[in-house]
Amino acid sequence: MSESKGTGKFFLGALLGAAAGAIAGIVMAPKSGKETREDIKNASDKAVKDAKEGGKKLFKSGKKTAEDLGEKVEKTAKKAEKEVKAKVEEVKKTVDKKAKSGKEDK
């Protein structure tokens, strides 16, 4: 789970760094206002596209992690259920033996 949080923070940092770099490059470039506005639009379109793709990847990763965790929980629950049933049978046998030996003593 913490790996997923780290991935999200890394992705956010990379996205913000790329956006800051793109903005700085556009603002510092010696171009006309029209060219600069077009560059800003293109950069923002690319940032939106990259964010969507990154979000999809992050979602898929989270979904896979949740599915894996669900499978592990299910396996653990089944194992615990078997162990409890075995222990219950063991206790029943012990109680039956004690009950029979108590009847024989009377």
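A pocket is an open set of points on a 1 Å grid over the protein atoms alone, with protein on both sides within 12 Å along at least five of seven lines. A residue lines a pocket when it has an atom within 4 Å of a point. Grid points are joined across faces, edges and corners, and the volume is the space filled by probe spheres set on the points. The structure is a predicted model, in which local features need pLDDT of at least 70 and side-chain atom pairs count only at pLDDT 80 or more, while totals for chains, interfaces and linings use all residues. Residues are numbered from 1 along each chain as its sequence is written, and side-chain values use heavy atoms, leaving out hydrogens and water.

The largest pocket has a volume of about 250 Å³. Its lining comprises 14 residues. Nearest the centre of the largest pocket lie A18, A19, A43, A47 and D50. Helix 1 and helix 2 are the elements that each give two or more residues to this lining. Helices are DSSP runs of H or I with at least four residues, numbered from the N terminus. Helix 1 supplies the largest share, eight residues. By class, the lining has 11 nonpolar, one polar and two charged residues. Ala, Val, Leu, Ile, Met, Phe, Trp, Tyr, Cys and Pro count as nonpolar, Asp, Glu, Lys and Arg as charged, and the others, Gly among them, as polar.

A43 is located in helix 2. A43 is partly exposed, at a relative accessible area of 25%. Here buried means under 20% relative accessible area, exposed over 50%, and partly exposed in between, with a 1.4 Å probe and protein chains only. S61 lies in helix 2 and is partly exposed, at 36% relative accessibility.

Salt bridges were assigned where a side-chain nitrogen of Lys or Arg lies within 4 Å of a carboxyl oxygen of Asp or Glu. The count comes to seven. One of them joins D50 to K46, with the closest N and O atoms 2.7 Å apart. D50 and K46 both belong to helix 2 (residues 33-105), four residues apart, about one turn of the helix. D50 is partly exposed, with a relative accessible area of 28%.

Another salt bridge pairs K85 with E81, at 3.5 Å between the closest N and O atoms. These two residues are four apart in helix 2, so about one helical turn separates K85 and E81. K85 is exposed at 52%, whereas E81 is partly exposed at 43%. K92 bridges to E89, the closest N and O atoms being 3.8 Å apart. K92 and E89 are three residues apart in helix 2, again about one helical turn. Relative accessible area is 46% for K92, which is partly exposed. E89 is partly exposed at 40%.

I23, V27 and M28 make a nonpolar surface patch of about 360 Å². Such patches take residues with over 30% relative accessible area and no salt bridge, joining nonpolar side chains (Val, Leu, Ile, Met, Phe, Trp, Tyr) within 5 Å and like charges within 9 Å. Areas come from the Shrake-Rupley method with a 1.4 Å probe; for residues, only the protein chains shown count as cover. M28 lies in helix 1 (residues 2-28) and is exposed, with a relative accessible area of 69%.

Notes. 1 Å grid on protein atoms, 1.4 Å probe; cavity = no way out; pocket = protein on both sides within 12 Å on 5 of 7 lines; lining within 4 Å.
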